[in-house]
Amino acid sequence: MVTMQDVAERAGVTKQTVSNVVTGRVAVRPSTEARVRAAIDELGYVPNLVARSLATGSTRTVGLFVPTVSTPFYAEVVEEVEDALEERGYHLLLCTTRLDGERARRHLASLTSRSVDALLIAGDQGLTGHLPLLAGARFPVVLCAWEAALPAGFPVVTFDYTHGGRLAGRHLRELGHERVAVLASPAHGVRVEGFRRAFAEDGITVPDSAVHTAAGPTFRGGLAAARAALGATPDATALFATHDVLAAAAVEAARTAGRSVPHDLSVVAYDDTPEGLLSRSALTSVVLPKRRMAREAVRLLLESLASGTRPKHEPRLLLPELATGDSTAAAIARLTGAPASRPRSPRPRPTAPDPSTGPALPPGRAPG
């Protein structure tokens, strides 16, 4: 079995230097660290994690809660968190709640007594009522991708979901659309609020009758809700969907109803995930900087661990952007066939994430 002493001799350093590199407790010159890590790779040395945790009081492990890993959104979040942790020498312990409140409660209760150094919770579905279990946790906790009202006492890195809805609404208004339908998941109320706000700025009301709720963010559920929406609002020239898979379902529903996208119906999506590829056209979509969010949340956690202090509770809101695609165009008056307005030149899809973290949310304000 390869020992720490073997690594030290191969790298030409002391055993304590190897320990400092492995544990991260003491900074080591980059050139020395590179030699040690090269020796570790060459010899196949595997640190004794149990012994290390007993000696340092740290497991170099961060827990991550997500509702599921079956959707592209959370799959990307998990990957980015794991990459960011690995770069800093930390390991990931993943828990999925699967939208089961009791399962979430059991996991949270278990983690408060397990050997994790910090906890990151992504997504608020079914978790808000269980957060008091973490009130006395000995480790720092950060919330992210939080769409419900922000809970007191926890740092949050999330998106301005309302602003994203408003971006979708302003885009359709700039294209001259007045009669619209909305396809929403039950948890996306703040996205719909932002969309309605954009129309209200021009004195146009999006009535409750125009908002149709899908049972969940699935293509089948979206297809049924989209057919109902188009049937209830036959003169709508545009549709806003609060999730990409719902938007793809709306495009299919329009096609089977004999309406082309975007000539007869403009469609705006939300999330810009691969699920939007279910559509035959490139969707105009609100883009959430999810990888940036994941890295910012990890940064807060690791800075807290390094300083020995709790993260500050000021929430951070990252701003979505609108990426224009082939699914939106100028409104066409369905009876006269005349353009309702002159469209503006579409903005290109962003090619690289904004390195900024977005504006801080004033204390006490919740998204929506």
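**Rings and their neighbours**

Modeller: Let's start with a charge: the charged end of Arg-60 sits over the ring of Tyr-90, 4.0 Å from its centre. "Over" needs NZ of Lys or CZ of Arg within 6 Å of the ring centre and within 35 degrees of the ring normal. This is a predicted model, where local features need pLDDT of at least 70 and side-chain atom pairs 80 or more, while totals for chains, interfaces and linings use all residues. Residues are numbered from 1 along each chain as its sequence is written, and side-chain values use heavy atoms, leaving out hydrogens and water.

Biologist: Which ring does the charged end of Arg-191 sit over?
Modeller: That of Tyr-270, at 4.4 Å from the ring centre.

Biologist: Switching topic, how many aromatic pairs are there?
Modeller: The whole structure has 6. Rings of Phe, Tyr and Trp (its six-membered ring) pair with centres within 6.5 Å; planes under 30 degrees apart are stacked, over 60 edge-to-face, the rest tilted.

Biologist: Why is the pair of Phe-73 and Tyr-74 called edge-to-face?
Modeller: Because their planes are at 80°, with the centres 4.9 Å apart.

Biologist: Is Phe-73 buried or exposed?
Modeller: Buried, at 9% relative accessible area. Buried means under 20%, exposed over 50%, partly exposed in between (1.4 Å probe, protein chains only).

Biologist: What do Phe-195 and Phe-240 form?
Modeller: A stacked pair, 4.6 Å centre to centre with 15° between planes. Both Phe-195 and Phe-240 are buried.
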